[in-house]
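Subject: The structure you asked about

Hello,

Here is the structure I promised to pass on, with some notes on what turned up in it. Have a look at it first, and then read on below.

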Amino acid sequence: MIKDKLKSVVETAVQKAIAAGKLGALSALSTPIVIEKPRLAEHGDLACGVALKLASAVRSSPLKIAEAIAADISVPEIDVSRFEVAAPGFINFRLGTGWLCESLKEISKLGADFGRSNLGAGQKVLVEYVSANPTGDLHIGHGRGAVYGSCLSNLLAFTGHEVEQEFYINDTGEQIAQLGRCAWACYQRKLGQTVDYPEGGYPEVSIVQFIETVIGKQGDQHLNLSAAEGEQKLAELTKEVIIDWQRKLLLQLKIEFNCWYSELSLHERGAVEAVLEQFSQRGMSYESEGALWLKAKELGDERDRVLKKSAGNTTYLAADAAYHLDKFKRGYDRLITIWGADHHGQVPGLKAAVEALGQDPEKLEVILTQIVNLQRDGQMVRMSKRMGTVVTLDEVMEEVGADAVRYYLAESNPQNPINFDLELAKQTSRENPAFYIQYAHARCCAILRRALEPTPNAESGRAEQPLLSPEQWAEYLKEYQSNASVFEPLFDLDSHVFIHQKSLIMRLQDFCEEVEEAMLARMPGRLARYAYDVANDLQRFYESCRVITSEPDVTKARLGLIVATRQVLANVLGIIGVSAPERM
RNA sequence: GCGCCCGUAGCUCAGUGGAUAGAGCCCCCGCCUUCUAAGCGGGUUGUCGUUGGUUCGAAUCCAACCGGGCGCGCCA
């Protein structure tokens, strides 16, 4: 990559300058060399600010240092057409077309693997997310966690990690008992019985569709059960229906888990009791007021936490400790747990529990996602669970489509609350980035079709022969991958056109770096915005420059650029899980 | 009261210690004989919540304060 190359060029120059005693008392490079893209075009294509960072160590002005370094820089003209020192001490480089062509060749060669890295090679990561209770609908907040977790997983996989995705099902305990009471009542009512619906439970509107499914499958055969048996039976049946429904809904969002991990299974095989025993053996728990407590305060929590209540049942924390211990034992190098921000109070407790069990809490990364406000035309959509006016995730998907849901939920940073505008998400214009990016991909496809498929003549109406035969096209594709100079004719002498051509290619080349940065920052949303930038650069190129021209070499080179652009768009859309349509 | 997150253009938001803080929307002006105008170009818009500190350099790091959200249970 050109940045790496320039970095080592500058590094060599600095070493030379040091050896020649031009950098005062400095004996070794004290700061990493960073090559960055200047904001302003007049500052060149790439720049290095190392002289500014060295100023205090060298005890000289950044400008003089930059000049000393620049005097020792040597680069082939094919890489850099020129470079200069600018105040207050930057060294600015202008790229030659050779490197731009080299980038396009690289993209063509790597194809779907362009941008992939091995940063995470050998790292096994478990990403746990969604983990909604199987007691009703999913809402847009679950959707956010789901999309974020999925994008992050894709991104980790794309950067070489071995990724597994897991959904933790809270399929036991008080919320399931409550589901049982509501489901049993709803079941009886649907089958013509007059019974009261439990007060303060899950709203009937939110579970009735699942009860209908249960009745559809099993009819009224459970109607004669006692209340206790009925509640248990209906809890079991409804839970399964809901889990199945959640699975199908998430699948529509292109989210598929390697494992749906049952909390109940932890209890059934004694893992929760076992973990309590471990706390005790390690001297990390004690009894007080009839309950069993974790010494969480010793490990950074604000106070101790109850593991087992005086009533004899275990807390959520106890099961979570058992679950996370199981994760550690399964041998992952890193555990990522994604929770809604309303659970942030539990993070120190979980970390303490993990540490108390002798595991490294540093390996456990808890990422919190903030709330999603639903809007319509800029107006807040008011929701109340009690009033039954909650807009569910499936309703949003129904209205705006899975791609728009994914894009908007993927685009933001998880720690920021977001406004999701239903009307905006449906728009088919530039205002809607999801649409705009897909449109750019479709436009690339349209140009390629134009060159490769017969098109009807505007005047005669007869189909004209395509510009290129399949054989010629196959030959072109081979050349794109093997010969960088095939791209050289694409550039225009007119600097207004050239700027757009260069911007697009440099943007495509940026993908690798964007991927790595997004992964390290755990912000897949950056790639969504990057995709928008690619789309924008493509549009500008398209407006200023024709791809299919009367000159075969130029056409060949520009078709190569379109293929590369389409490829990068497809790769980035793949990570954020938005489809890349060929026509719109 | 304590803890976590947030505060950047009229609105929605980017901005990982570097050059003159950016994009979209909104508003105004241009542009369709030409590969998708579902578009493009140009113009206007700022006490980066406030005050201090660190630094050659701060929207970015530190401290205090102000404003908003969330959490502080033997609930899940």
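**Sheets, a salt bridge and a domain contact**

Let me begin with one strand pair: strand 3 and strand 4 run antiparallel to each other, paired over six bridges. Please keep in mind that this is a predicted model. Within that pairing, Glu84 has Asn92 of strand 4 as its bridge partner.

The two strands belong to an open sheet of four strands, ordered 1-2-4-3 and paired in the antiparallel sense. Strand 1 (35-36) and strand 3 are the edge strands; each has a single partner strand, so one side of each has no neighbour in the sheet.

Glu84 comes up again in a side-chain pairing. Which residue forms a salt bridge with Glu84? The partner is Arg94, and the closest N and O atoms of the two are 3.9 Å apart. Arg94 sits in strand 4 (residues 90-95) and Glu84 in strand 3 (residues 80-86), with the two ten residues apart. As background, side chains of opposite charge can pair when their charged atoms come close. The count of salt bridges comes to 25.

Strand 13 (residues 372-376) pairs with strand 14 in the antiparallel sense, over two bridges, and Arg376 has Gln379 in strand 14 as its bridge partner.

**Domains, and where two of them touch**

Chain A is divided into four parts:

- domain 1 covers 2-95
- domain 2 covers 124-170 + 257-369
- domain 3 covers 174-252
- domain 4 covers 433-576

I looked at the contact between domain 2 and domain 3. Their C-alpha centres lie 28 Å apart, and the contact takes 15 residues from domain 2 and 16 residues from domain 3.

How much area do domain 2 and domain 3 bury between them? The figure is about 1300 Å², with 66% of it on carbon and sulfur atoms. On the domain 2 side, Pro134, Thr135 and Trp260 supply 44% of the area buried against domain 3, more than any other three residues.

What about polar and charged links? Between domain 2 and domain 3 the count of salt bridges is zero, while three residue pairs are in polar contact. Sorted by class, the side of domain 2 that touches domain 3 has ten nonpolar, four polar and one charged residues.

Key: Residues numbered from 1 in each chain as written. Chains lettered and ligands numbered in written order. Predicted model: local features only at pLDDT ≥ 70, side-chain atom pairs only at ≥ 80, totals over all residues. Heavy atoms only, no water. Domains from an automatic or database assignment. Contact = heavy atoms within 4.5 Å. Buried area = accessible area lost by both parts, 1.4 Å probe. Salt bridge = Lys/Arg side-chain N within 4 Å of Asp/Glu carboxyl O. Polar contact = N/O pair within 3.5 Å; in protein donor to acceptor, adjacent residues only side chain to side chain. Nonpolar A, V, L, I, M, F, W, Y, C, P; charged D, E, K, R; others polar. Pairing = 2+ DSSP bridges.
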